[in-house]
Amino acid sequence: MSEGVERAMRVLELLAREPAQLGGVATHLGVHKSTALRLLQTLEAGGFARRTDGGWTVGLRLIDLAQQALDSLDVRAVARPHLAALGRDCGHTIHLAQLVDDDLVYVDKIEARGQVRMYSRIGRTAPLHASGVGKVVLAYAPASRVSRLVDGAPLSAYTPATICDPAALRAELATIAAQGWAADDGEFEPLITCVAAPVRQADGTVTAAVSVTAPTVVASLADLRAVLPRLLHTTQQISHELGWSGP
């Protein structure tokens, strides 16, 4: 990768997090301000960066390209009306996450009604071993992927409830595969709970999942389990529209 391209990528990652002043960009790259300014002006000319009163931020072209990339994911387009209906019915936050290589990415979200907005956002990754959607996808993944991701990498502890032991996680995945859904009771974020179910492609593979999520002060895990029939119906509808013919 060329030095210029690498620097441009680092600048865009920085600006995507928050606006930055010229000096902050130069410090981030470890270059002189004049070099940072030339790079920012090049990005600005292409629509990838723009100047605001708060400094430099991402440009509208980059936002548009990101939206196009999300829209190109077939599961997102198919799932959207079903997610909206599920959200209207249960009132909680609805997430759709999809596997991209070895990363599970939130590709759509329906906000809860009348609740505090959750930190989760479209484009953020979900830990495969410490989230409802992640455990669902892992539970139906090929053995080689499970071995690589469960046994071949450290399992980070996000909260005291995170399952960090490979053997315990494998037992949890076996239970999920047998029952057809997963739960996350504060494993990724404290005081956040969810239930999740798989979305199947036409060949039956699971590369996406839908979750119903709420703060524990709003709904306990027992409360969310009551939503499971509606959630499972939703994921079955999405799967069938994607070409799956199973029950």
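This report describes a predicted model of one protein chain, going from its overall make-up to single residues.

## Basis of the model

Residues are numbered from 1 along each chain as its sequence is written, and side-chain values use heavy atoms, with hydrogens and water left out. Because the model is predicted, local features need pLDDT of at least 70 and side-chain atom pairs count only at pLDDT 80 or more, while totals for chains, interfaces and linings use all residues.

## Overall make-up

The chain has 10 helices and 8 strands. Helices (H or I, at least four residues) and strands (E, at least two) are DSSP runs, numbered from the N terminus. Taken along the principal axes, the C-alpha atoms fill a box of roughly 60 × 40 × 40 Å.

Of the 247 residues in the chain, 48% are buried. Buried means under 20% relative accessible area, exposed means over 50%, and partly exposed is in between (1.4 Å probe, protein chains only).

## The largest nonpolar core

The largest nonpolar core holds 28 residues. Such a core is a set of buried Ala, Val, Leu, Ile, Met, Phe, Trp, Tyr and Cys residues joined through side-chain atoms within 4.5 Å. The members that touch the most other members are Leu-83, Ile-94, Val-195, Val-210, Val-212, Leu-231 and Ile-238.

Two or more residues of this core come from each of α5 (74–90), β3 (93–100), β4, β7, β8 (206–215), α9 (221–225) and α10 (228–241). Helix α5 gives the most, with 6 residues.

## The second largest pocket

The second largest pocket contains about 210 Å³ of space. On a 1 Å grid over the protein atoms alone, a pocket is an open set of points where a 1.4 Å probe fits, with protein on both sides within 12 Å along at least five of seven lines; lining residues have an atom within 4 Å of a point. Grid points are joined across faces, edges and corners, and the volume is the space filled by probe spheres set on the points.

The lining has 15 residues, and those nearest the pocket centre are Asp-102, Pro-127, Leu-128, His-129 and Leu-149. By type, the lining residues are 10 nonpolar, 3 polar and 2 charged. Here Ala, Val, Leu, Ile, Met, Phe, Trp, Tyr, Cys and Pro count as nonpolar, Asp, Glu, Lys and Arg as charged, and the others, Gly among them, as polar.

## Contacts of aromatic rings

Rings of Phe, Tyr and Trp (its six-membered ring) pair if their centres lie within 6.5 Å; planes under 30 degrees apart count as stacked, over 60 as edge-to-face and the rest as tilted. The model has 1 aromatic pair by this rule. Tyr-158 and Phe-188 form it, edge-to-face, with 5.1 Å centre to centre and 90° between the planes. Tyr-158 lies in the loop between α7 (143–151) and α8 (166–179) and Phe-188 in the loop between β6 (182–185) and β7 (192–200), so the pair ties together parts that are 30 residues apart in sequence. Tyr-158 is partly exposed at 42% relative accessible area, whereas Phe-188 is buried at 12%.

Another ring, that of Tyr-140, has the charged end of Arg-200 over it, 4.8 Å from the ring centre. A charge sits over a ring if NZ of Lys or CZ of Arg is within 6 Å of the ring centre and within 35 degrees of the ring normal.

## Positive phi in two loops

Asp-101, in the loop between β3 and β4, is not a glycine but has a positive phi near 60°. Its relative accessibility is 64%, which counts as exposed.

Leu-191, in the loop between β6 and β7, is also not a glycine and has a positive phi of about 65°. Leu-191 is exposed, at 62% relative accessibility.

## Sequence and space

Some residue pairs show how separation along the chain relates to C-alpha distance. Leu-62, in helix α4 (residues 60–71), is 13 residues from Ala-49 in sequence and 7.9 Å from it in space. Cys-164, in the loop between α7 and α8, is 14 residues from Val-150 in sequence and 9.2 Å from it in space.

Ala-141 is in the loop between α6 (132–139) and α7, and is buried at 18% relative accessibility. His-233, in helix α10, is partly exposed at 40%. The C-alpha atoms of His-233 and Gly-54, 179 residues apart along the chain, are separated by 46 Å.
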